[in-house]
Amino acid sequence: MNSNILQTPIDYLKGVGPSRATLLRAELGIHTYQDLINLFPNRYIDKTHYYKINELQRTTAEVQIVGKITHIKMVDQKRGKRLVAKFMDDTGDMELVWFRGHKWIKENLKLNTPYVIFGKTKYYNGYSMPHPEMELLTEHEKNLKISMQPVYPSTEKLSNKGISNRVISKMMQQLFAETQLKFYDTLSEEILSELKLISKREAVFHVHFPKNQEILAKAQYRLKFEELFYIQLQLIIKKLIRKQKIKGYPFTEVGTYFNTFYNDHLPFTLTNAQKRVIKEIRKDIGSSAQMNRLLQGDVGSGKTIVGFMAMLLAIDNGFQACLMAPTAILASQHYQGITELTKGLDIQVKLLMGSSKVKERRIIHEELENGTLHILIGTHALLEDKVKFKNLGLAIIDEQHRFGVAQRAKLWHKNKYPPHILVMTATPIPRTLAMSLYGDLDISVIDELPPGRKSIKTVHRYDSNRLKVFKFMAEEIAKGRQVYIVYPLIQESEAMDYKDLMDGYESIARSFPAPRYQISIVHGQMKPADKEYEMARFVKGETQIMVATTVIEVGVNVPNASVMIIESAERFGLSQLHQLRGRVGRGAEQSFCILMTGFKLSSDSKTRLETMVRTNDGFDIAEVDLKLRGPGDIMGTQQSGVLNLKIADMVRDNDILKTARYYAMKILKEDPSLALEKNHVLLYTYQQVAKHKNIWNYIS
Ligand code: ADP
Ligand code: MG
């Protein structure tokens, strides 16, 4: 399928040569002809449009302008010199600037002769264009073959070394000439005709040399579909294989533990969403396939009890269960909560953390191995090799985004068959993103809050209004409520953030003096024991104010706390703000979230703050976050393989993604092993894709 010519090293392409080849490899990962073809333009510029100098705006990207150079001068600067030319058209003038290659430019530029210049403009006391691409107007008119100029991904190093966009375009032309479009199709006839897609060969050609917007759109659609289709195909095949091949322990029994708890100890009525999810889980773990389920539910939606009831099913069937949390504070809280829930059930629960004493650990190890311990709760410490279970049947991971895929995999090997896995996350992931990131997992959603919750009132206040905020705090405290004040702590600026926290603490202590007021403080530089002590005082209501860094972000549950004040709120991401806000609104009282900032705010910060004020809905917030940051940033680098898309865009190409997933499912349903003649091309391409992780190397 891959004609060999496409595997030719890029060095052999006419006009490339060893030094350019080295750069292309290092900067853009282009090793072969194929890789170059798969370097898709970021965007296209309308080459039939010429700007006038007086039309320039600070937000304009690349522009094309016709004009003349009237004079050139050398200007001294701190390091070296720069060459500056005055460039004019009939509406105004601007500067062209070069920091390198002065001699050649000076000798070759013609004064008072019409040029077409092309590049990005900068504004500083007028417009300038550094290192413009230039062409004499007469030449330009001769060369004007394409009206839409592709703009290729580039790096600073490439442009510094003279591999400009124009050079890449030339390479692309050369490549198409040499290969004569020997591209075979990678989608089946059936898909092509049902979706009315253009052929592979047309698509790659028109994506690089589009004649008009219409054909470009067709080419892009076809290539985006293909990219997303093979990702979905992989994910769904992975899921099917897991369902068929990976045995889990069937928990067929709904026994005494579950029933006793359900009938006699359930502290509240479950919401319908909780009931539905428990059913979904029961169905999964009742079959002999291993469960891999992601449980999404907004903060406070009651995921813990769902996890706990799944644990009871494991215990009913003679298995052990574990729950892993990302922080010691959260693990301790889970331990307390679950110990509370097991009251009267004769279930053994223990807590294992990095700070656990050697003697304690020894007992835990022993009880785990002889099976007297039913539930183990803890942090990463659970992953240590020394931690061995007699028969681990269910592993629950809370707040999944803190753990990597590798850690999830480690839990798998804690028993002969992998345990059933339930991942709980309070960071709602937009549906389309979830499809790609977790397309191989089953997903449950708790989309309903327990009854009686008042939605949290959120406001944005400037630092200059701090006294009013303090007054409000005092009023709430007088009503018996508790208050969180959270400071950012970012690794890069840790020392300064730490100082802000301490300054803040002092000012709060002055405004809220002892003994009338008691203040807790918790931050990352404290010993775990001290942190826990301070946390515990706040949980017990001995202190009214908790000053903290984001260590309290995840999971902490103090129903009496009704005010969350977030300092320098503009520095937090949306999902973090939402998580923090979720610490309040857990009791029956009206809760408040106050976002404090200075006056200077970027437009993204403004959007984040406005979104927080506008809505409490985690999925809504997640959608905005996805648009602001893009998928790569949100999910971190762990999943970058899935997100490292060449041409499709997870946010904008939402509909294509849905279509791709629909077709992948439809085809696999009819032909799970892609054995039918008509699907051969899919099987072949899939195998290449699966073998070599970089999809695009094998799709062409
Ligand atoms: P999260 O989903 O954020 O982990 P939790 O499981 O900690 O939420 O639950 C938040 C609070 O809501 C807890 O105090 C819990 O006891 C309570 N809760 C959970 N489910 C219900 C319910 N169905 N009715 C009333 N309260 C509930
Ligand atoms: Mg929780």
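These questions and answers cover the ligand site and the cavities of a predicted model.

User: Which residue has a side-chain N or O atom 2.9 Å from a nitrogen atom of ligand 1?
Analyst: Ligand 1 has an oxygen atom 2.6 Å from a polar backbone atom of Gly 300. An oxygen atom of the ligand is also 2.6 Å from a polar side-chain atom of Thr 304. For the nitrogen atom, the side chain at 2.9 Å belongs to Gln 274.

User: How much of the accessible area of ligand 1 does the protein cover?
Analyst: On its own, ligand 1 has 560 Å² of accessible area. The share of this that the protein covers is 80%.

User: Which helix gives the most residues to the lining of the largest cavity?
Analyst: The whole structure has 3 cavities of 30 Å³ or more, and the largest holds about 40 Å³ of space. Its lining consists of Lys 239, Arg 242, Lys 243, Gln 290, Asn 292, Asp 440 and Asp 442. The helix that gives the most, with 3 residues from the run 213-245, is H9.

User: Which domains each give at least three residues to that lining?
Analyst: By class, the lining of the largest cavity has 5 charged and 2 polar residues, and no nonpolar ones. At least three lining residues come from each of domain 2 (183-245 + 659-700) and domain 3 (256-446).

Notes: Residues are numbered from 1 along each chain as its sequence is written. Chains are lettered from A and ligands numbered from 1 in the order in which they are written. This is a predicted model: local features need pLDDT of at least 70, side-chain atom pairs count only at pLDDT 80 or more; totals for chains, interfaces and linings use all residues. Side-chain values use heavy atoms; hydrogens and water are left out. A polar contact is a pair of N or O atoms within 3.5 Å; within protein, one must be able to donate a hydrogen and the other to accept it, and residues adjacent in sequence count only if both atoms are side-chain atoms. Accessible areas come from the Shrake-Rupley method with a 1.4 Å probe; for residues, only the protein chains shown count as cover. On a 1 Å grid over the protein atoms alone, a cavity is a set of points where a 1.4 Å probe fits but cannot get out, and a pocket is an open set with protein on both sides within 12 Å along at least five of seven lines; lining residues have an atom within 4 Å of a point. Grid points are joined across faces, edges and corners, and a volume is the space filled by probe spheres set on the points. Helices (H or I, at least four residues) and strands (E, at least two) are DSSP runs, numbered from the N terminus. Ala, Val, Leu, Ile, Met, Phe, Trp, Tyr, Cys and Pro count as nonpolar, Asp, Glu, Lys and Arg as charged, and the others, Gly among them, as polar. Domain bounds come from an automatic or database domain assignment.
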